[in-house]
Amino acid sequence: MEWRRYAEQMAQLARDLVAQDSLQATLDAVSAAAVELVEGCDAAGILTVSKGRAVTLAKCGDIVEESDRLQGELGEGPCFDAARRVDGERLFRIADMTRPQPSWPRYSRAARDLGIGSMTGVLLYTDEEDFGALNLYSRRPGAFGKDIESAGWLLASHAAVALSTARTVDQLEHALETRHAIGEAMGILRERHQLSEDEAFGVLRRISQDHNLKLRDVARRVRAQPSGQV
């Protein structure tokens, strides 16, 4: 691998990731970059595990989602384990999927049927949070050597920082949208029912508690009703 060229590509990738306008766009860019930048990589995806369920967050290549689905259904597989941080491992590499894999016997048989020859994966993380696993696939055995693992680490490190930033921005934007919706709903109630600001908020909060609804959902209902009712 030409490390100088790869370092330049990593620098450009870091700039591109920060420039993405949403969390999903960042995830998609990470997967696409893995296929473009890592030699021998035919497909890549980001897998997370939520409440024991495998979820494909992003994919570049047809085999990614099917591989994730199989691992989730079978409850075994290298990506699935990496995302769950089984045994604390943060990286895996399967040099030849055509050979028996005792750790994941059912998944490895299914993976061979999908045409997967070799795999490698890195857990995406920052110092504070884990986001799941970045998984790279090749249709030929022996595609991912030690150099490729190092490249994967570099890519994952850039990706994790960008994901952390993107998720923070996404959460802030969501909070602002919620605040705006509640403010509009309070304005509607005040105007139509001659309520004070505190009284209008009290109405929203009471409905939220009585009907076990989130405050933002109550606010959206008020905004959607011409009469200001919910």
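1. Let me start with the pair Arg99 and Asp96. Arg99 makes a salt bridge with Asp96, with 3.5 Å between the closest N and O atoms; the term here stands for a side-chain nitrogen of Lys or Arg within 4 Å of a carboxyl oxygen of Asp or Glu. Arg99 is exposed, at a relative accessible area of 57%. On the cut-offs, buried is under 20% relative accessible area, exposed is over 50%, and partly exposed is in between (1.4 Å probe, protein chains only).

2. A word on what we're looking at. This is a predicted model, in which local features need pLDDT of at least 70 and side-chain atom pairs count only at pLDDT 80 or more, while totals for chains, interfaces and linings use all residues. Residues are numbered from 1 along each chain as its sequence is written, and side-chain values use heavy atoms, with hydrogens and water left out.

3. Back to the charged pairs: the structure holds eight salt bridges. One of them joins Arg69 to Glu66, whose closest N and O atoms are 2.4 Å apart. Both Arg69 and Glu66 sit in helix α3, three residues apart, or about one turn of the helix. Arg69 is partly exposed at 36% relative accessible area, and Glu66 is partly exposed at 29%. There's a network here too: salt bridges link Glu66, Arg69 and Glu73.

4. Another pair to look at is Glu197 with Arg190, whose side chains meet in a salt bridge at 3.9 Å, N to O. Glu197 counts as partly exposed, with 48% relative accessibility. Arg190 is partly exposed as well, with a relative accessible area of 38%.

5. On the overall layout, I get eight helices and five strands, in the order α-α-β-β-α-α-β-α-β-β-α-α-α along the sequence. For the record, helices (H or I, at least four residues) and strands (E, at least two) are DSSP runs, numbered from the N terminus.

6. Now the whole-protein totals. Of the 230 residues in the protein, 40% are buried. The accessible surface is about 12700 Å², and carbon and sulfur atoms own 46% of that; areas come from the Shrake-Rupley method with a 1.4 Å probe, and for residues only the protein chains shown count as cover. Among contacts (heavy atoms within 4.5 Å) with a separation of 6 or more, 59% are between residues 24 or more positions apart.

7. Helix α2 (residues 23–37) is worth a look. Which residues of α2 are buried? They are Thr26, Leu27, Val30, Ser31, Ala33, Ala34 and Leu37. Viewed down the axis of α2, these buried residues fall within an arc of 160°, so they line one face of the helix. That arc is taken from the directions from the helix axis to the C-beta atoms.

8. Glu76 is in the loop between α3 (63–74) and α4 (78–84). Is Glu76 buried or exposed? Glu76 is buried, at 11% relative accessible area. Leaving aside residues up to four places away in sequence, Glu76 touches Gln71, Trp104, Pro105, Arg106 and Tyr107. Of these, Pro105 lies in helix α5 (residues 105–114) and is partly exposed, with a relative accessible area of 35%.
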